[in-house]
Amino acid sequence: MLNTKSKELYEEAIKYTPGGVHTSIRNVDPHLIFTKSEGAYIYDADGNKYVDYQSAFGPYILGHNYKAVNDRVIEALSTTDLYGVGTTDLEIKCADKITKNVPSADQVLFCNSGSEATYHAIRLSRAITNRTKLIKFQGCYHGWHDYVARNMLSAPDMIGKRDPGSAGMMDEAIDNTLICTFNDLDDVAATFHKNKNEVAAIIVEPIPHNIGCVMPEDGFLQGLRDLCDENNAVLIFDEVITGFRHDLGGFQKVAGVTPDLTTMGKAMANGFPMAAVAGKKEYMERYNTNPGGDVWFAGTYNGHAVGTSATIATMEIMETEPVHKHIFELGDRMRNGIREIHERLGMKAYVAGFGSVWTTYFMDFEPKNYTDLMKNDAEMYVSYRKKLIERGFFKMPMNIKRNHISYSHTKEDIDNTLQAIEDVLKELI
Ligand SMILES: Cc1ncc(COP(=O)(O)O)c(C=O)c1O
């Protein structure tokens with residue numbers, strides 16, 4: 001794989017930007033400079049083409065530079081943009097679509113990133129309950145802000161302990177976020193008990209995709225719902241990854257469990273910056289976008305025509321075309337194909353996934369939580385991915401990161417990937 005141009009440009013990038021990247025975990029080896037994207041493919045500065053499974057961490061549910069969405073954005077921008085006063089017709093249409101599809105969404109407010117959405121949902125939960133503490137799960141990611149940036153990809157000796165993700169965080173924020181083990185209702189119940197009448201909310205990725213694909217066990221999400229009801233706490237589903245990717249109604253629709261508040265982002269606008277917080281009307285009306293509301297909600301770029309038109313277009317395509325059928329079928333084809341390869345090679349590994357998302361953990365049982373994932377062979381996980389990148393299949397070369405399939409991927413892409421996976425595994429084992 002030729003990457004002289006990437007190397008040259010990276011030297012330039014680090015002159016202007018610390019580390020040369022604009023999100024910390026983008027700084028991986030090989031450091032490539034990307035210059036073009038189209039459907040299921042991305043291209044680097046040296047002209048190498050990759051089948052893309054990184055999908056920018058998930059937004060591209062239809063594919064990169066998807067013409068039908070781009071055209072709607074361009075069309076919108078030929079007549080409208082952003083006003084900073086009043087309401088746009090596109091905002092109304094977009095909000096109508098979301099509230100019709102997402103079970104928990106009586107009402108919705110727009111912002112621009114998942115981190116903003118989770119910040120807003122948490123602040124609202126504190127106002128509703130007049131409490132401060134928050135329960136989050138080890139390994140889950142809900143954005144970069146102080147309330148949630150702890151116990152993400154913790155080192156083994158820091159699991160469940162005080163593990164802030166950054167210097168400069170407020171002690172009060174760190175200490176008011178309590179950490180539980182995913183799929184362990186007893187742990188959550190005990191945490192409520194120890195912090196009686198102090199927990200404002202549980203925030204949870206209904207499938208913790210930030211650690212690949214750890215599925216909720218039967219009854220776990222319903223158990224969280226029940227514990228929140230018993231303890232008068234707010235249940236927040238962070239569907240920034242699962243929303244729209246797994247169903248137009250989010251994973252809450254698939255699971256049949258309705259949270260009080262939902263955060264959304266990524267796949268909703270097929271790659272354009274757009275996010276939302278939604279929930280029960282009586283709660284949403286506490287935001288001060290409603291006259292008399294006492295919970296601050298603002299943002300210069302909220303409701304920009306780029307995000308609203310992209311969301312409307314993306315949702316319309318998901319409503320009228322077999323998007324989910326296609327990506328789910330390809331997901332199954334990939335997972336089954338990899339399992340057959342493992343069997344042929346006599347390998348013990350666990351192929352995890354749901355719908356269009358999958359990953360192979362190099363361990364011999366199904367992980368139920370972050371601690372289980374310490375059994376994954378991290379070195380193998382990353383070398384496997386690097387070797388696939390060399391062959392033109394891009395998966396994030398980082399431990400326990402997931403892969404995504406889009407509507408633009410074809411059976412042929414999947415079959416070519418499977419062939420490469422078999423070749424790479426033969427080399428590695
Ligand atoms: C589940 C989840 N919530 C929130 C966020 C934060 O979203 P953003 O990066 O758009 O701020 C992410 C980002 O990866 C996420 O995966």
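Before looking at the helices I noted that axes are lines fitted to C-alpha atoms, for helices over the stretch in contact, with angles running from 0 to 180 degrees between N-to-C directions. Helices (H or I, at least four residues) and strands (E, at least two) are DSSP runs, numbered from the N terminus.

I also wrote down that this is a predicted model, in which local features need pLDDT of at least 70, side-chain atom pairs count only at pLDDT 80 or more, and totals for chains, interfaces and linings use all residues. Residues are numbered from 1 along each chain as its sequence is written, and side-chain values use heavy atoms, with hydrogens and water left out.

Entry on two helices. I found that the axes of α12 (residues 378-390) and α13 (residues 411-428) come within 10 Å and cross at roughly 130°. That makes α12 oblique to α13, since angles under 35 degrees count as roughly parallel, over 145 as roughly antiparallel, 65 to 115 as roughly perpendicular and the rest as oblique. I then listed the residues in contact (heavy atoms within 4.5 Å): Met380, Ser383, Tyr384, Lys387 and Leu388 of α12 meet Ala420, Ile421, Val424, Leu425, Glu427 and Leu428 of α13.

Entry on aromatic rings. Rings of Phe, Tyr and Trp (its six-membered ring) pair if their centres lie within 6.5 Å, and planes under 30 degrees apart count as stacked, over 60 as edge-to-face and the rest as tilted. By this rule I have a count of 14 aromatic pairs. For Tyr53 and Trp358 the ring centres are 5.0 Å apart and the planes stand at 85°, so the pair is edge-to-face. This pair links distant parts of the chain, 305 residues apart, with Tyr53 in the loop between β3 (49-52) and α2 (67-77) and Trp358 in strand β12 (residues 357-361). Is Tyr53 buried or exposed? Tyr53 is buried, with a relative accessible area of 0%, where buried means under 20%, exposed over 50% and partly exposed in between (1.4 Å probe, protein chains only). Trp358 also counts as buried, at 0% relative accessibility. I noted too that Tyr361, Phe362, Tyr381 and Tyr384 form one aromatic cluster.

Entry on a loop residue. I located Ile33 in the loop between α1 (4-16) and β1 (34-38), and at 18% relative accessibility Ile33 counts as buried. Leaving aside neighbours within four places in sequence, I found Ile33 in contact with Ser6, Leu9, Tyr10, Tyr43, Asp44 and Ala45.
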